[in-house]
Amino acid sequence: DDETAVTLFQIRDDRLRTGQRVTHVVLRQKPGTRSRWTVDLFNRSGRSEPDSESFRATGIALTYDREPWFARLVWDPKVNYTDSDMTRVAIGARF
């Protein structure tokens, strides 16, 4: 039951002429029928305001699923295109 998948995608938002882009490379590995590891490496680029300085930042999210539970740890630099960096931890259940 060992399955591995890699996905590459980009989200673009230029409604405010800020050139915001987030590019994701997602690796999912399912070592068993009830468990899965997910690694999401992402790069954020663009501006917070149309006339502000452009920037780039790279973050990572690591998730472990064991049905029905999951645990996630995320390093999210320049969160929401601000100067703030954020570390998030989440534990929950999927339903």
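**A close look at one position**

Mentor: Threonine 63 has a relative accessible area of 4%, and because buried means under 20%, threonine 63 counts as buried. Please keep in mind throughout that this is a predicted model. Threonine 63 belongs to strand E4, which covers residues 55–66, and its side chain makes a polar contact of 2.8 Å with the side chain of arginine 72. If neighbours within four places in sequence are left aside, the residues in contact with threonine 63 are Arg36, Trp37, Thr38, Phe70, Ala71, Arg72 and Arg94.

To place strand E4, turn to the sheet, which is open and made of 6 strands in the order E1-E2-E3-E4-E5-E6, with antiparallel pairing. The edges are taken by strand E1 (3–13) and strand E6 (86–93), and each of these has a single partner strand, so one side of each is left without a neighbour in the sheet. From one strand to the next, the twist averages 10°. At the E1 end, strand E1 pairs in the antiparallel sense with strand E2 (residues 20–30) over 11 bridges, and arginine 12 has arginine 21 of E2 as its bridge partner.

With valine 89, which is 16 residues away along the chain, the C-alpha separation from leucine 73 is 4.7 Å.

Now return to Trp37, one of the contacts of threonine 63, and consider the aromatic rings, for which a search of the whole structure finds 2 pairs. In one of them, the ring centres of tryptophan 37 and tyrosine 64 are 4.6 Å apart and the planes stand at 50°, so the pair is tilted. Because tryptophan 37 lies in strand E3 (residues 35–46) and tyrosine 64 in strand E4, this pair ties together parts that are 27 residues apart in sequence. Tryptophan 37 is partly exposed, at a relative accessible area of 38%, and tyrosine 64 is likewise partly exposed, at 27%.

The other pair, phenylalanine 55 with tyrosine 81, is also tilted, with 5.7 Å from centre to centre and 50° between the planes. Here phenylalanine 55 comes from strand E4 and tyrosine 81 from the loop between E5 and E6, so that distant parts of the chain, 26 residues apart, are linked by the pair. Phenylalanine 55 is buried, with a relative accessible area of 17%, and tyrosine 81 counts as buried too, at 10% relative accessibility.

Charged groups are found over both of these rings: the charged end of lysine 78 sits over the ring of phenylalanine 55, 5.8 Å from its centre, while arginine 44 lies over the face of tyrosine 81, at 5.6 Å from the ring centre. Strand E4 thus carries the buried threonine 63, as well as tyrosine 64 and phenylalanine 55, each of these two with its aromatic partner.

Definitions and conventions
Residues numbered from 1 in each chain as written. Predicted model: local features only at pLDDT ≥ 70, side-chain atom pairs only at ≥ 80, totals over all residues. Heavy atoms only, no water. Helix = DSSP H or I, 4+ residues; strand = E, 2+ residues; numbered from the N terminus. Buried < 20%, exposed > 50% of the residue type's maximum accessible area, 1.4 Å probe, protein only. Polar contact = N/O pair within 3.5 Å; in protein donor to acceptor, adjacent residues only side chain to side chain. Contact = heavy atoms within 4.5 Å. Pairing = 2+ DSSP bridges. Axes fitted to C-alpha atoms, helices over the stretch in contact; angles between N-to-C directions. Phe/Tyr/Trp six-rings, centres within 6.5 Å; stacked < 30°, edge-to-face > 60°. Lys NZ or Arg CZ within 6 Å of the ring centre and 35° of its normal.
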